[in-house]
Amino acid sequence: MRHGENEQDAPSWSKRGAVAVDAADRSIVRPVALVTGAARRVGRAVAECLAARGFTIALHYFRSRQAAGELAEQLRSRYGVEVAPIGADLTVAEAGEELVARVGERFGRVDLVVTCASQWESVPLERADGAALERAWRTNVLASYVPARACGLRMVSQDEGGCIVLIGDWAIARPYRDYAPYLVAKGAIPTLTRVLAVELAARNPKVRVNAILPGPVLLPEATGQAEAETVRRSTLVKAIGSPADVADLVVYFYEHPFVTGAVVPVDGGRSVYCPDEAPGSVG
Ligand SMILES: NC(=O)c1ccc[n+]([C@@H]2O[C@H](COP(=O)([O-])OP(=O)(O)OC[C@H]3O[C@@H](n4cnc5c(N)ncnc54)[C@H](OP(=O)(O)O)[C@@H]3O)[C@@H](O)[C@H]2O)c1
């Protein structure tokens with residue numbers, strides 16, 4: 001079943017999960033998921049998908065405080081799960097450490113972390129100087145590295161280990177124009193995935209790290225119809241994906257203990273296909 005089709009009938013959230021086996025049993029400790037950038041867009045879909053499966057959610061936001069609060073309320077009333085919105089500017093390393101510390105203080109554990117926080121900024125090469133690269137590095141690498149590493153070290157001390165899912169971008173394989181700093185930074189995500197997979201497994205083999213490289217799963221709100229159509233045609237499957245495609249793979253990674261160090265595009269074939277028509281920069 002795909003997320004969003006019939007969540008109320010979803011099977012128990014954890015086939016092989018860390019702690020609980022029955023989402024209806026409140027005496028059982030539920031697994032805790034930290035989702036960064038969870039107030040809106042893809043992160044929001046991931047948080048909702050996990051809440052529908054009975055996870056306790058640490059719902060990170062940066063600027064979208066109100067949206068985070070409203071989503072938390074929705075998830076609590078719809079799925080009966082505990083949700084804690086926590087704000088942090090993840091370009092600041094100390095704030096990322098503090099975020100994970102707060103999750104630990106509040107819930108005592110973390111079983112899954114999904115790093116959706118990111119900034120997709122268009123900068124023509126003429127203006128893509130060191131400062132632009134540093135900015136992109138902070139929002140796309142540091143903002144993932146710090147919470148993932150801190151959660152990973154915490155997972156090492158848990159008997160059940162844990163699962164880390166980093167979010168990259170398909171376009172590191174075939175860059176489009178005007179996003180040099182963003183794409184260079186996103187290029188670090190597969191390496192970060194493999195480094196953490198090796199480092200953390202050496203400390204506890206039950207800690208796993210994987211990455212998802214989305215393609216066009218949710219276009220910017222301002223995207224026009226013609227541009228969206230060009231993006232659609234630029235995939236092999238002739239479709240624009242959905243945030244649920246990403247959320248479903250997060251669940252797969254969580255539930256499959258033999259999968260670690262994997263970097264998986266969810267891009268409709270975008271990364272292996274070079275359409276005749278230039279697709280522009282969207283998606
Ligand atoms: N959407 C797509 O089709 C697509 C395609 C390829 C790759 N991806 C990747 O998939 C992930 C999610 O995509 P998305 O489109 O949902 O991302 P997005 O809307 O660009 O950003 C997600 C969230 O990142 C948070 N964020 C920005 N700066 C931050 C900071 N300094 N500290 C902490 N959080 C910060 C924002 O939270 P607030 O709103 O709370 O400020 C924002 O809502 C990203 O890694 C993106 O690169 C998406």
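Which residues in H4 meet which residues in H6? Val141, Ser144, Tyr145, Ala148, Arg149, Gly152, Met155 and Val156 are the H4 side of this contact, and Ala188, Ile189, Leu192, Leu196, Leu200 and Arg203 are the H6 side. Being in contact is defined by C-beta atoms, placed from the backbone, that lie within 7 Å. By class, these residues are 10 nonpolar, two polar and two charged. Here Ala, Val, Leu, Ile, Met, Phe, Trp, Tyr, Cys and Pro count as nonpolar, Asp, Glu, Lys and Arg as charged, and the others, Gly among them, as polar.

Before going on, please note that this is a predicted model, in which local features need pLDDT of at least 70, side-chain atom pairs count only at pLDDT 80 or more, and totals for chains, interfaces and linings use all residues. Residue numbers start from 1 along each chain as its sequence is written. Helices (H or I, at least four residues) and strands (E, at least two) are DSSP runs, numbered from the N terminus.

**Two helix pairs**

Two packed helices are described by the angle between their axes and the distance between the axes. The axes are lines fitted to C-alpha atoms, for helices over the stretch in contact, and angles run from 0 to 180 degrees between N-to-C directions.

| Pair | Angle | Axes |
|---|---|---|
| H3 and H4 | about 35 degrees | 9 Å apart |
| H4 and H6 | roughly 15 degrees | within 10 Å |

Seven strands in the order S3-S2-S1-S4-S5-S6-S7 form an open sheet with parallel pairing (two strands pair if DSSP finds at least two bridges between them). At the edges are S3 (83-87) and S7 (263-266), each pairing on one side only. From one strand to the next, the twist averages 15 degrees. S2 (residues 56-61) is joined to S3 by five bridges, and histidine 60 has isoleucine 86 in S3 as its bridge partner. H3 lies across S1 (32-36), S2 and S3, and runs at about 155 degrees to S2.

**Around the ligand**

Of the 27 residues around the ligand, Gly37, Arg41, Phe62, Arg63 and Ser118 come nearest (a residue is near if its C-beta atom, placed from the backbone, lies within 6 Å). H1 (41-52) and H4 (130-156) are the elements that give two or more residues to this shell. The largest share, three residues, comes from H1.

Key:
Contact = placed C-beta atoms within 7 Å.
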